[in-house]
Amino acid sequence: MENMHQLLVSRFFIFCFVMFMTNVSYAGDIDVLKAREAYDKENVTALAELANQLQAEKHLLAPYAQYWLMMLQLDETDNERIATFLAQHEDYGFAQRLRDHYLRKLGKQQNWTQFSQEFSRYPSIDNTAVECLAAEAKELQQSNSHLLAAKYLWLSENDQPSDCDTLFEKMQTAGVIDEEAVWQRFRMASAKNKISLAKAILKRSNDYQTNQQALLGSAYQSPESFLKKSPISFKARFGREVSLYALIQLAKKDTWQAVNALKKIENQFNTDEKNYFYAMAGMQSAKRHEPEAQTLFQKSNVMTMSDDQVSWYARAALRATDWTQLLAIINQMKPEVAEEARWRYWKARALIALKKDNKQAVDLLINLGVERHYYGWLAQGELKRYTPPTLLQYKPNEREIADIASLAGVKRAKVLLDLDLRWEGKLEWKNVIKSFDDKQLLAAAYFANQQSWYDLAINTADDTRNMHDFSMRYLMPYKKLMTKAAQEQAIDETWVHGIARQESRFMHYAKSHVGAAGVMQLMPTTARWAAKGAGIGNYKSSMIDDLDTNITIGTYYLGHTLGVMKGNKIMASAGYNAGPGRAKRWLAAQPLEGAIYAETIPFDETRVYVQRVMANMYMYKKQTGDTGLTLKKLMGNTPAKP
C-alpha cells in the first residue's frame, strides 16, 4: 500500500507539472487522482466527498469515483442500488469487475433469484468464483446433472477461491468428486509443488488422518530421507501417493537416483501409479535434455499422460531427431493437443523426414501457412514454389480514426491514460474494442499510435482476422534511436526491434513484476553494469527510465550477450531472457536446428519468448525490404556443446 501511495503521489505531481507547463488547469482531473488515492487508502469519507464533487462538476470520470466508493462499501450498499448503477454504466471498463464482486455478494447471501437475473447480463465468464456460484445456482434451480458439468472447476492445479467451497461440498456429497478425483487433483497440485493446496486436498480423502499433513511435509522437505525411512504403509492410497510424490521430488534433481529408489519399492505400486512416475520422471529428464528421457517415457502409457507430459515426450524425440518416434507420439496425442500449431508443424516435418504421405505433409503446411504466427511462418519456409496467399491490407482514413476518437469509452480511456491510470485506461480500451470489426480495430490502432500508446496500437492491430496492417502490428516508433544504438554495437536493428516489441511493446515506462524497466526491460543490476560498459558516466538508477539511456544500455547488453553466444541470435535471445549460462547449458552434444533448440527450451516463458522474438525479427526484416529470407533460415543452427 505504501508503494501504491508513492505511485499516486508521483502521478499527482507529474500531472500538476504538465498542467503548469501547458498553462491549463483541470482541477477535476486532479480530483480524480485524489479520489484514486483515497480509494487506495480506503478513506471512505474523503472519497465520498470527492465523488460528489466530481459528479457536481459532471466530470467525465465521475462514475469512476462512484465505482471506487461502491467497491469500498459493497457489503453495506443496497443490492438494488448496485444493480441500477451497473445498468447505467454497462459500457464502462469497470462494469464487469463490479459485477464480479456483486455476484459474489449475492452468492454469499444465497440470493439466487437476483444472482440469476444479474448473471444473465454477464458478457463472458472469466472469474472462477463466479463460475462456481453459477454452477451452484444451476444445481439449486434445476438438477444435480449440472454438478458433473462443473467438475472441471475441481480438477485444477490452482487454489480455487472460497466461493467454490459449498459447490465442492455438494459435488462430493453427490459423488461427482469421488476418491479418484481427490487423488487426481492431489497429483495436479503436487506436480506443481503447491504443497499447501495438496495438504488441503488431502482432507477430502475418505481415509484422511491428521498425521498425513506432517508426512507430506516431510516428503516435500527431504524426499530421499523420507523414502529411506518408509514411515507409511503402502496398503493405503495415501501411502503410495505420498511415496510417489517423494520419488518425483527426487527425480526433479536426479533422474537415476529416483529410478533406483523406485526399484526398491516398485512392487508396492499398481500399473497406473508406475505409469505416472515414469511419465513425470521422463518429463523432468526431458527438461534436463537427458538422452534417457525417451526410455523413461516408454515405460509409461501415452494415453494416460497429461498434456505437459506428452508434449515433453514429443520434445525428447524431436531433440534426438527421432522422427519415427515423434510421429508415433503425435498420432497418439489427444485431438486438442495434436491440433496445436506446434504439433501440426512438427508432424509435417516428421512426415517429410520419413518420406511418408507427402500430400498430408503439404496439406498440413499449407493450412498452417495462412496462420499469422511463428509456426505459420516456419511452415511457409518448408514449402517449395509456394506463394503465400495475399492478405487483405487496410489503412483507415481520417474519418474512421476520428470516429474512434469520438467514442465515449475512448474519451474515458484517453483521460485515464493521460493521468497515468494505466490499469483503468487499458481496461476501458479493451472494453471499447471487444466488438469491433477489422476496420474499426485498425482505426483504433492508428488512433492509439497517434497517442503514443504503442502497446495498445500493436495489440489492437494484432486482433484483426481478415484485414491487416503489419506496419501497425510491427511498429518501429524509435527507429532512429534503435538504428543508431544497433549500429554502435554492430548488431542487427531488426533483432533489437524484435526484442523490444516482445519485452515492452515499446512502452518506455513499462515495469515487470520482478523489477525490469523500460523499453528494453533491464534489471537494475544489469543496467548499472551495462551503463559502465556503454560509457555512460555518473549513471544513476533513475536513468533506467530515460528512453535514450535505456535503449543505449539495453542494446549494449544485447551486443555483449550476442558476443558471448558467438553471434547466435537464438541463444542470445534466450540468454537475454533467462541468462547466458542457461542458454549455453541448453545446447546439445551435436549441432541443432535453431527451431529444435527453441522448441526444447525447458522454461515455458523463455521458449515462447525466443520464438516470438525471432518471429518479430522475421517480420521486421520483411518490413525493411528483406523479403527473400525464410524464418527457418533466419533461425539457423545452434552449435554443439563445447
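## Close-up views of a predicted model

The largest cavity in this predicted model holds about 50 Å³ of space. Residues are numbered from 1 along each chain as its sequence is written, and side-chain values use heavy atoms, with hydrogens and water left out. As this is a predicted model, local features need pLDDT of at least 70 and side-chain atom pairs count only at pLDDT 80 or more, while totals for chains, interfaces and linings use all residues.

**View 1. The largest cavity and its lining.** Here you can look at F186, R187, S190, A191, E241, L244, Y245, I248 and Y276, which line the largest cavity. A cavity is a set of points, on a 1 Å grid over the protein atoms alone, where a 1.4 Å probe fits but cannot get out; lining residues have an atom within 4 Å of a point. Grid points are joined across faces, edges and corners, and the volume is the space filled by probe spheres set on the points. By this rule there is one cavity of 30 Å³ or more. Helices α12 (179–191) and α16 (237–251) each give at least two residues to the lining; helices are DSSP runs (H or I, at least four residues), numbered from the N terminus. By class, the lining has six nonpolar, one polar and two charged residues. In this scheme Ala, Val, Leu, Ile, Met, Phe, Trp, Tyr, Cys and Pro are nonpolar, Asp, Glu, Lys and Arg are charged, and the others, Gly among them, are polar.

**View 2. A salt-bridge network that includes R187.** Salt bridges link E180, R187, R237, E241 and D272 in a network. A salt bridge is a side-chain nitrogen of Lys or Arg within 4 Å of a carboxyl oxygen of Asp or Glu; by this rule the count comes to 42. Between D272 and R187, the closest N and O atoms are 3.3 Å apart. D272 sits in helix α18 (residues 271–287) and R187 in helix α12, so this pair ties together parts that are 85 residues apart in sequence. R187 is buried, at 11% relative accessible area, whereas D272 is partly exposed at 36%. Buried means under 20% relative accessible area, exposed over 50%, and partly exposed in between (1.4 Å probe, protein chains only).

View 3. The side chains of E139 and K170 meet in a salt bridge (3.3 Å, N to O). This pair links distant parts of the chain, with E139 in helix α8 (residues 128–141) and K170 in helix α11 (residues 165–173), 31 residues apart. E139 is buried, with a relative accessible area of 14%, while K170 is partly exposed at 23%. The other salt bridge joins R422 and D455, whose closest N and O atoms are 3.5 Å apart. R422 belongs to helix α28 (residues 422–433) and D455 to helix α30 (residues 454–462), so the pair ties together parts 33 residues apart in sequence. R422 counts as buried at 12% relative accessibility, and D455 counts as buried at 5%.

**View 4. The buried side of helix α7.** In α7 (residues 112–119), the residues W112, Q114, F115, E118 and F119 are buried. They cover an arc of only 160 degrees around the axis, which puts them on the same side of α7. The arc is that of the directions from the helix axis to the C-beta atoms.

**View 5. Helix α25 under cover.** Eight of the nine residues of α25 (residues 374–382) are buried, so you will find this helix mostly covered. The buried residues are Y374, Y375, G376, W377, L378, A379, Q380 and E382. What covers them includes α23 (341–353), α24 (358–369), α38 (594–599), α39 (604–623) and α40 (631–635).

**View 6. Four loop residues.** H89 lies in the loop between α5 (79–88) and α6 (95–108), and counts as buried at 9% relative accessibility. Not counting residues up to four places away in sequence, H89 touches P63, F94 and A95; contact means heavy atoms within 4.5 Å. G515 is found in the loop between α33 (493–504) and α34 (524–533), and is partly exposed at 32% relative accessibility. T321 is not a glycine, yet has a positive phi of about 45 degrees; its place is in the loop between α20 (307–319) and α21 (323–332). D357, also not a glycine, has a positive phi of about 45 degrees and lies in the loop between α23 and α24.

Note on methods. On a 1 Å grid over the protein atoms alone, a cavity is a set of points where a 1.4 Å probe fits but cannot get out, and a pocket is an open set with protein on both sides within 12 Å along at least five of seven lines; lining residues have an atom within 4 Å of a point.
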